[in-house]
Amino acid sequence: MKTLYLVRHGETLFNIEHKIQGWCDSPLTKKGVDQAQNLGKFFAKIPLDHAYSSTSERCADTIELILQNRLPYQRVKALKEQNYGVFEGESERLSPKAPKDFETFFLPYGGESSNSVGKRMLKYLTKIMSKPDNQQVLVVSHSGACFNFLRMLQDPTEELEKGFSNGTIFVYHFDQSTFKLAKVIRDFNPET
């Protein structure tokens with residue numbers, strides 16, 4: 001059975017400033033760098049054969065800190081966060097309150113629907129996990145992208161209530177074009 005490790009990037013400046021961050025970008029904070037380095041300690045014990053990242057710098061920086069040049073990675077647009085249109089960089093107070101409301105809220109403002117994000121994530125992750133030599137794969141993406149991917153597979157309510165903090169690891173098993181969530185590792189600390 002193949003394993004996909006889908007990771008949310010480390011904490012960013014916009015995360016702590018509570019700004020909407022989809023296709024716009026901000027740098028990792030000191031905490032975000034520490035999170036990525038700690039994730040590197042976790043993944044150093046796993047024989048990864050391939051790695052992929054969203055094209056956003058926050059994801060590329062996270063995966064580079066995780067891998068420390070031990071494995072090349074590929075940057076992929078299909079792994080990007082939801083596009084929030086004119087809301088990019090604005091206060092999170094302007095976002096819808098319920099996850100269901102994200103489905104179409106941003107469309108009139110030049111953004112995309114949460115279903116389109118989930119479908120593109122599902123399509124691309126299925127494509128990479130279907131490659132014969134992709135057995136243990138690391139992918140670094142975003143909170144909304146990870147959530148909407150999970151939503152394509154199962155009811156995400158229970159996991160959403162626990163939170164998708166920066167550096168969360170979603171471990172999926174992949175067999176015959178089917179993903180199954182095996183576990184979620186939150187707030188990884190290499191010291192525990």
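This note sets out points on helix packing and aromatic contacts in a predicted model.

1. Local features require pLDDT of at least 70 and side-chain atom pairs count only at pLDDT 80 or more, while totals for chains, interfaces and linings use all residues. Residues are numbered from 1 along each chain as its sequence is written, and side-chain values use heavy atoms, with hydrogens and water left out.

2. Helix H5 (residues 114-129) packs against helix H6 (residues 143-153) at about 80°, the axes being 8 Å apart. H5 is therefore roughly perpendicular to H6 (65 to 115 degrees). Axes are lines fitted to C-alpha atoms, for helices over the stretch in contact, and angles run from 0 to 180 degrees between N-to-C directions. Helices are DSSP runs (H or I) of at least four residues and strands (E) of at least two, numbered from the N terminus.

3. The structure holds 17 aromatic pairs (Phe, Tyr or Trp rings, the six-membered one for Trp, with centres within 6.5 Å; planes under 30 degrees apart are stacked, over 60 edge-to-face, the rest tilted). Tyr52 and Tyr124 form an edge-to-face pair, at 6.5 Å centre to centre and 75° between the planes. Tyr52 lies in strand S2 (residues 50-54) and Tyr124 in helix H5, 72 residues apart. Both Tyr52 and Tyr124 are buried (under 20% relative accessible area, 1.4 Å probe, protein chains only).

4. Phe164 and Phe170 have ring centres 4.9 Å apart and planes at 85°, so this pair is edge-to-face. Phe164 is buried at 7% relative accessibility, and Phe170 is buried at 0%.

5. Ring pairs join Tyr84, Phe87, Phe102, Phe105, Phe106 and Tyr109 into a cluster.

Key. Angles under 35 degrees count as roughly parallel, over 145 as roughly antiparallel, 65 to 115 as roughly perpendicular and the rest as oblique. Buried means under 20% relative accessible area, exposed over 50%, partly exposed in between (1.4 Å probe, protein chains only).
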